[in-house]
Amino acid sequence: METETATRWLTDAEQCAWRTHLDVSRLLMHQLEKDLQPFGLTNNDYEILVNLSESDDHRMRMSDLATATLQSKSRLSHQITRMEAAGLVRRVNCESDRRGLYAVLTDEGLDLMRKVAPHHVASVRRHFIDLLPPDALAALRGSLAPVAEHLRGNRGKG
């Protein structure tokens with residue numbers, strides 16, 4: 001028979017930290033999305049453009065791009081279809097694996113990325129970076145790094 005363990009409820013300080021994190025995460029992503037709207041992009045679109053612009057030959061296997069953006073392959077496929085229609089990316093067959101596909105950044109996609117990136121960085125600065133002193137940023141980075149490492153290690157696990 002399974003042994004029940006007592007629930008470790010959050011303390012008031014832990015609950016406050018957790019809810020503040022949730023609020024900041026949601027509000028920040030909402031604001032960044034709002035700031036991308038004038039360019040006709042979503043946060044997901046921008047993340048795909050960033051990944052492709054930083055990859056060799058501005059291309060990534062669809063499966064690797066899905067992993068990098070934390071999207072299911074089917075969701076990414078729909079996203080890429082929309083971005084293809086906008087002329088930002090195209091799909092190319094993988095020569096070494098007939099079933100594999102690459103997402104490739106088009107010249108138009110790269111031009112848009114170059115146009116949007118300064119605005120996006122300014123938005124990140126305005127709504128996050130510049131609101132925190134350097135020592136708080138360092139503490140935040142140090143505090144969140146173990147959480148990110150733990151979650152990366154748990155990806156794909158039940």
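**Notebook: loop, sheet and core**

I started at H58, which sits in the loop between α2 and β1. Helices here are DSSP runs of H or I with at least four residues, strands are runs of E with at least two, and both are numbered from the N terminus. I'm working on a predicted model, where local features need pLDDT of at least 70, side-chain atom pairs count only at pLDDT 80 or more, and totals for chains, interfaces and linings use all residues. Residues are numbered from 1 along each chain as its sequence is written, and side-chain values use heavy atoms, with hydrogens and water left out.

**Loop.** I looked up phi for H58 and got a positive value of about 55 degrees, although H58 is not a glycine. D57 lies in the loop between α2 and β1 too, and has a positive phi of about 55 degrees without being a glycine. Most residues other than glycine have a negative phi. Next I checked burial (buried is under 20% relative accessible area, exposed over 50%, partly exposed in between, with a 1.4 Å probe and protein chains only). H58 is partly exposed at 25%, while D57 counts as exposed at 65%.

**Sheet.** I found three strands in an open sheet, ordered β1-β3-β2, with antiparallel pairing; strands pair if DSSP finds at least two bridges between them. The edges are β1 (59–61) and β2 (89–93), each pairing on one side only. β2 and β3 share five bridges in the antiparallel sense, and V92 stands opposite Y102 in β3. I also saw R59 over the face of Y102, 5.0 Å from the ring centre. That call needs NZ of Lys or CZ of Arg within 6 Å of the ring centre and within 35 degrees of the ring normal.

**Core.** Which residues have the most contacts inside the largest nonpolar core? I got L41, L52, L65 and I80, in a core of 22 residues. Such a core is a set of buried Ala, Val, Leu, Ile, Met, Phe, Trp, Tyr and Cys residues joined through side-chain atoms within 4.5 Å. α2 (43–53), α3 (62–68), α4 (73–85), β3 (101–105) and α5 (107–127) each supply at least two of its residues. The largest share, five residues, comes from α2. I then listed contacts of I80 (heavy atoms within 4.5 Å). Leaving aside neighbours within four places in sequence, I80 touches I48, M62, L65, V89, R91 and A103.

**Last check.** I picked A122 in helix α5, which is partly exposed at 34%. A122 and E95 are 27 residues apart in sequence and 40 Å apart in space, C-alpha to C-alpha.
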